[in-house]
Amino acid sequence: MVKIKKRKLGGAEIPTSSMADIAFLLLLFFLVSTVIDVDTGIGLTLPEYVPIEEQQFVPLSKDRLAALLINENGDVLLNSEIIAIPQIANRLTERIESKIGLPSNKKLVVSVKTDRKTNYNLYIQSLDQVKSAYFSVRENYARVKFGKDIDKLTEEELSTVRDEIPIIISIAEPEQVNN
Amino acid sequence: MKFQKKRATAKQEIPTSSLPDIIFMLLLFFMVTTTLREVDVLVQFTLPKAKAIEKIENKRLISYIWVGRDERIQLNDNIIQLNAVQELMYKKRVELPNVIVSLRVDKNSSMGIVTDIQQALRKADARRINYSTYLRE
């Protein structure tokens, strides 16, 4: 009988030196095909759509309303007064502050209205001013009331700030265009 | 007297067996923190700049609408007509109830098209929007 000799195997090793390279390739693929940049922008919630026939006229006292109109020539009117865009924030800050402590149906409403030919950039700049007015009032309020910066507030405190200074921006119903 | 040079007797190799693991960790980190690029942008646009901006924390909720310099509208992967916005957005809204629509509009476009899109979004009940802007330093 022929004896089959068992061959002794050499060191059974998987070469792992190139494994790192393969992993690097995968990594590179993900770096290239994904995006990290965060989206930043001005957030807004549009009003619910109501057909014209069902629209109701809700009277709003002049005291509550800050009407911002940006016309096609690039003039900005706050309550029918021409105003330079960088001044909107200053002007609004006082009015927002004067409404702190009032019940929620007495807070300031900022209404933004544009023409069809208004430049989009101007609209964004004005909206930016309105938002920054609100943010600065909120920051001040947080500092006065809680003695902290607004980003260090607890969730509960933050919601008081939000309740006290709600951001109400109303986008005016576009006018019907007659061709 | 002769000095004998001392030689280290230890192995002179860097252990590389854990290198792939480290790289895999990196890979996993990137996979978790980033999102895949989903669409090719077909329109040209420059975003406006603003100061009082906020971050959108959850990227998976965002749906984009681009409006280019030539007032073409892009939604998902194709250029669409204005009257298709409502239907497409309504479908999105059904899939993803709290969708945030990010409007990436060229800064020199006119408000007319923005208003039209907004009206379409209101009709589609996708009312959370975000005007995409860069941070002005």
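Two strands are taken to pair if DSSP finds at least two bridges between them, and helices (H or I, at least four residues) and strands (E, at least two) are DSSP runs numbered from the N terminus. In this predicted model, local features need pLDDT of at least 70 and side-chain atom pairs count only at pLDDT 80 or more, while totals for chains, interfaces and linings use all residues. Residues are numbered from 1 along each chain as its sequence is written, and chains are lettered from A and ligands numbered from 1 in the order in which they are written.

**The sheet**
- Seven strands form an open sheet with mixed pairing, in the order S3(B)-S2(A)-S8(B)-S7(B)-S4(B)-S5(B)-S6(B).
- Strands S3 (54–55) and S6 (78–80) of chain B stand at the edges with a single partner strand each, so one side of each is left without a neighbour in the sheet.

**Pairing between the chains**
- Strand S2 (residues 40–45) of chain A pairs with strand S8 (residues 128–132) of chain B in the antiparallel sense, over five bridges.
- Within this pairing, A:Ile42 stands opposite B:Tyr131, and A:Gly43 stands opposite B:Asn130.

**Helix on the sheet**
- Helix H2 (residues 85–95) of chain B lies across S4 (62–67), S5 (73–75) and S6 of chain B, running at about 20° to S5(B), where axes are lines fitted to C-alpha atoms, for helices over the stretch in contact, and angles run from 0 to 180 degrees between N-to-C directions.

**Contact between the chains**
- The contact takes 42 residues from chain A and 47 residues from chain B, two residues being in contact if their C-beta atoms, placed from the backbone, lie within 7 Å.
- On the side of chain A that touches chain B, H1(A) gives the most, with nine residues.
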